[in-house]
Every structure is written in C-alpha cells, then in structure tokens.
Amino acid sequence: MNYFAGTYGVIVIGAGHAGIEAALASARLGVSTAVFTVNLDWVGNMPCNPSIGGTSKGHLVREIDALGGEMGKAADRYSLQSRMLNLGKGPAVHSLRAQIDRREYSAGMKHVLEKEENLDLRQGEIVDLFKDDNNLWHCITRLGAEFTAKAVIIATGTFLGGRVYIGEVSYESGPDGMFPATELSKALKKLNLPLRRFKTGTPSRVNRKSVNFEGLEVQRGDEHTVPFSFETKTPPENKVVCHITYTNEITKEVILNNLHRSPMYSGKIEGKGPRYCPSFEDKIVRFADKERHQLFIEPCGLNTEELYLQGLSSSLPEEVQLAFIHTIPGLENAQVMRTAYAIEYDCVDPTALKATLEFNGIDGLYGAGQFNGSSGYEEAAAQGLVAGINAALKIQGKEPLILDRGGSYIGTLIDDLVTKGCTDPYRMMTSRSEYRLVLRQDNADIRLTPTGYKLGLISEERYKAFLKKQELIEKEMKRVRETSIPLTDELQKILVSRNTAELKTGCKLLELLKRPQLGYADLKSVDTTRPDLPQEVFEQVEISIKYEGYIRKQEAQIKEMRRIEAKRIPEDIDYSSLKGLRLEAVEKLSKIRPQNLGQASRISGVNPADITALNIILESL
C-alpha cells in the first residue's frame, strides 16, 4: 500500500548534473521543489572523466553561470588543474577545461542542495509516474511513498534501465556499481514516451603508486588560470599535473586478437554509442592505420590515488583490459582499481520535446540531460537549468524561457536535439553553431546575464557588477578610438619585432589594435594613457576591434534568423489539412511540432518549398 508523503510544485527525478541545475533553478525561482536520487552520496557524480569544460563545453559552463546556474562556481571551488584550450586558434574556439576533485565536487554539490530554500533533497528510487484527472503528477517511490507535483523533470542519466557490459559478463546496473532504475522505464512506456537504447562507457582507474611516470610527458596547468564563473574573484590554483602516454602496435595487437570478445562486436550491445568518444577497441578498428593513440593520465582527486586513463574506454573482458593496459609505457605494472565498462540505458527521442524541454502533448512533464539523448556533464547541466526554469515559470503562469541559436550554445544544443534529433549520444562542438564568433565563452555574461537577472537567478549585487563592467568596456572602447599614438622609435621597434609594417606618421590606437600581429600587451610601453582595468575588459575591447567586420556579419545573420523565428506556428495546427505540403513534410512537422517557421526550416525532410508554402499559409491565418 502506498501512503501520501507530500506535495511539491516541481519534482526532479535524478540528482546528477542535469537534476542539480533543474532543482536549484526551480527552487531559486520560488517554487517548492524536491529532487530524488537513488543514493545521496552520489549527487553530482562524475562516473566518467572527473573534468569540466573542454572544447565548446567550456562555453556551456560559462553560459550556465551567466544565467545563474551552479556548475561553474562548483568547478572553480574544486578545480585541480585549469587550462585554456585552443589558444593557437581564434577566440571563438578558446575553451576552458578543468580537472576536478571528483568526490569533493559531489559532496559540495550535495551541500548546496541541502542548504537551498524551497528545496528538499531525498534518497529514494521513483518506480512509478502517472498523472491524475486534476492535472497533478504522482511519483511513487520503491518504499511506497506517494508524492504529487504540478511538474516533473526526468533527469535519470544512465540509470534508466541501465545494463553494464564487460566482455561476456552483463548485468543490470547503474554507473559505478549503483543499482539501476528499472521500474521507472516501464512507467514511462505506459506514458507512450518514445524510448530507445543508447550506450556509453568509461575507462579503467589505476593506482598512482603502480604507475611509472619516468619518461612520460608532463602536462601542467596554465600559468595564469581563468575561472569558469564570472563571480569567482580568485583564479583557481593548479594543484596537480597530468601526464601523457601513448599506445603502440602491441596494444593494438592485443585488442585485435580479442575483438570477438567485445560485446560491441559480438552484437550483445544494442544501444548506439557516442560517435565522438568511441571505445578504445572502436578506435583501433576505425583508425586501423594509426600506429599509436594518445592517452591522458589524470588524477581523480587530492585525497585519492586513483588515476583516470582518458582515451581508454573499453568493454572488453577484464583480463584483456589488463593485458592491453600493461603494454602501454608507464602502465606496465599498473594496478587496476576499477575495470572499464560499457553501460546501456534508456533515453528518449528528443524530437518529442518542445524548446522548453516539456514534452509535446504531455503537460508538465520535462526531460533533461542524458535522458534526452545527449552526452556530457555540461550538456546535461545546461538542459537541467532550462528545464528547471521552464517548469517553475509554467507553474507561476509566466512566459517560458526559449533560448535561440543566435544567443547561446545552450540554445543551439536544445534546438539541435528537439528539431533534428540524434541517432547517437549528442555532444556539443563549436562547429555545431553557425554563429560561433558571436557566441564566445568570454562574452557569455554579456549575452545572458540580463536574462538571468530578469528571471531572478542573478542577484542585484552581481548585476550591478556586470553593468559596471559594461560601462568600463564602453569607456575603454571610446578611449581606444580617440587616443593617438605618436610615431616614435619605440613604436617602430615594436612594429618590427611583431613583423608588421612600419608607420610613416602616428595613428589612432584603434588602427594599431586592428592589426592581427599586435595586442594590448605589445603596445603597453607606447600607450601612456592606458587605465588600470581588469584583463577581461581589455579582452572584450580587443576582440571587438579585431573581429569587427566578421562579428557584424554574424549579427546581421542572427537578426535575419530571428525575423523568421518570430513567425509563430499555432500549437494546434493540423498539418494534414494544409495544402501545398509534401507528405514527408506533413509527417515530420506533425511529429516534431515546431514552434516557429525558423525551427520548421531546420527539420530534416522539410525542404524550402515546404517552408514557402507554410509561410503563405501562416500569413493567411
């Protein structure tokens, strides 16, 4: 027998990276919220690499922070090593990445949830989920506790119907040996959610004392670190070093001789794995001509000797894993503490969701994170934040938050998922955005902090600091445009040293900064009126000057995109009754239910002629 245990505005199922942001956003917007997890000690767990950020993922973390989310601040608090990636390329692809203290991050996030007003953190497995005639959702725990809520957010990660594979061994399990959520899958199928199977994996962990670091490449953090959060005042400290090693032909031979024992190749695993993060055996097959593969040996925390072997994900039998690990320089005598595994799990076809991450036709039910077919902690947290915000706004009778492709990577991520769908776990990349020069990580606060403030997730103090920064940027831009730099021997010397053309007369500081070979740092000795400003102010001014023409072009494209996005499509439109649309277009439009003409134009199977016809129809409505 069940018993009534309480009611909330929002219930979040899962306390991983998506669930954390969803619950905090909902509670911080003033809605009574509960978040359920199968184990309180695993809140914010990092079952794969204990790192946050990376190419394009750093952009997501910065955007989460700009909107008032928690991931960036937590990453700064528990950072072990910080590096800015892709500095040899343009600012559009600069991405922050930090190695994180895994257990400290988890404990810290748990404490944040525990302290939050309007939020209850509960250990309990949700085994049933249904809606009553009064539009209330009922969540039933395995112990028979029945909770009701106006909205539910599913953020189950890889727990939903989880099954682990290690060679010929297979068993029901969540990540890291946790028990899976099996009953909830049955409940979701009763709701007719379009579930499918995806797969991911994680490498072995080895004991530091068994690794020979002599001869391995040392990878240090940046000398001058940069925080993820715009609120973090003290840059993170580099506390550890990482190492690089390489596989070899013997490693490859061990893999190929045992390929038939991999559940991926024997057909035991049905789920589709991540294209951009394949298992090591898949790499060997796909890139058969490569003599070696790079591996990163990275610490899991300050209070553990566990090291993570990034790039060595596998589902081969344990004895085969030991054999190929021991062929790798530095790992010849490595003691494996945790065996690598593949995990298969249930997730949903994200085209069943709206841009708010609420299900089409299922009022008050939202999806977030890996449940929506994505991969990665950062992608999960971004979706959780948006789902939590929108669930709270819906309950409060307010307009939803819909982030578009022109304003954020979060908007790009969600639009890709709900409009195009995914056939394998979706991973964010800078190449997925057509506006990436505008959507840089360095200007995430400029793009999104006003939205976070308007929502109520950014404090008055932080917003005033943001406005002050904007004021400093404007003043410095004005100074740069008006300041003349006289022609001197010192200036000519600088120009020669930087391999750029010498001058015949003095010029505006603006003209010097436009040159790709020159930056603020180069001109310090001749720029005598330069004020003492934060580095981030100089960064914004310099990028704006150097890329002005390209930025204007992308801003014009975004403006045109938003003009088309403004053409809303009625939610109850019957596509089958419209003339001028091809059958395939009718089928796709009816399934995905785009909210505007722009979204409709990005659906695979809907061609320009269909969009023209649909536009004419909308004009006549």
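R562 is partly exposed, with a relative accessible area of 38%; on this scale buried means under 20%, exposed means over 50% and partly exposed lies in between, computed with a 1.4 Å probe and protein chains only. The model is predicted, so local features need pLDDT of at least 70 and side-chain atom pairs count only at pLDDT 80 or more, while totals for chains, interfaces and linings use all residues. Residues are numbered from 1 along each chain as its sequence is written, and side-chain values use heavy atoms, with hydrogens and water left out.

**Salt bridges**

The structure holds 51 salt bridges, each defined as a side-chain nitrogen of Lys or Arg within 4 Å of a carboxyl oxygen of Asp or Glu.

| D416 | K420 | 3.3 Å |

Helices here are DSSP runs of H or I with at least four residues, strands are runs of E with at least two, and both are numbered from the N terminus.

E536 is partly exposed at 36% relative accessibility, whereas K469 is buried at 7%.

D416 and K420 are separated by about one helical turn, because they stand 4 residues apart in helix α11. D416 is buried, at 4% relative accessibility, and K420 is partly exposed, at 45%. Both residues belong to a network of salt bridges that also links R405, D415, E434, E565 and R602.

**Cysteines**

The structure holds 0 disulfides, a disulfide being a pair of cysteine sulfur atoms within 2.5 Å. For C422, the closest cysteine sulfur is that of C347, at 6.9 Å, which is too far for a bond. C422 is buried at 12% relative accessibility, and C507 is likewise buried, with a relative accessible area of 17%.

**Backbone and burial**

Helix α2 (residues 57–67) is mostly covered, with 11 of its 11 residues buried. Among them are the charged residues K57, R62, E63 and D65. The helix is followed by G68, whose phi is positive, near 105°.

Positive phi values also occur in residues other than glycine. L357 has a phi near 75° and is placed in the loop between β19 (341–348) and β20 (365–367); at 1% relative accessibility, L357 is buried. N499 has a phi near 60° and lies in the loop between α14 (489–497) and β22 (507–508); at 68% relative accessibility, N499 is exposed.

**Surface patch**

L256, Y265 and V285 form a nonpolar patch on the surface, with about 240 Å² of accessible area together. Patches are made of residues with over 30% relative accessible area and no salt bridge, where like charges are joined within 9 Å and nonpolar side chains (Val, Leu, Ile, Met, Phe, Trp, Tyr) within 5 Å. Accessible areas come from the Shrake-Rupley method with a 1.4 Å probe, and for residues only the protein chains shown count as cover.
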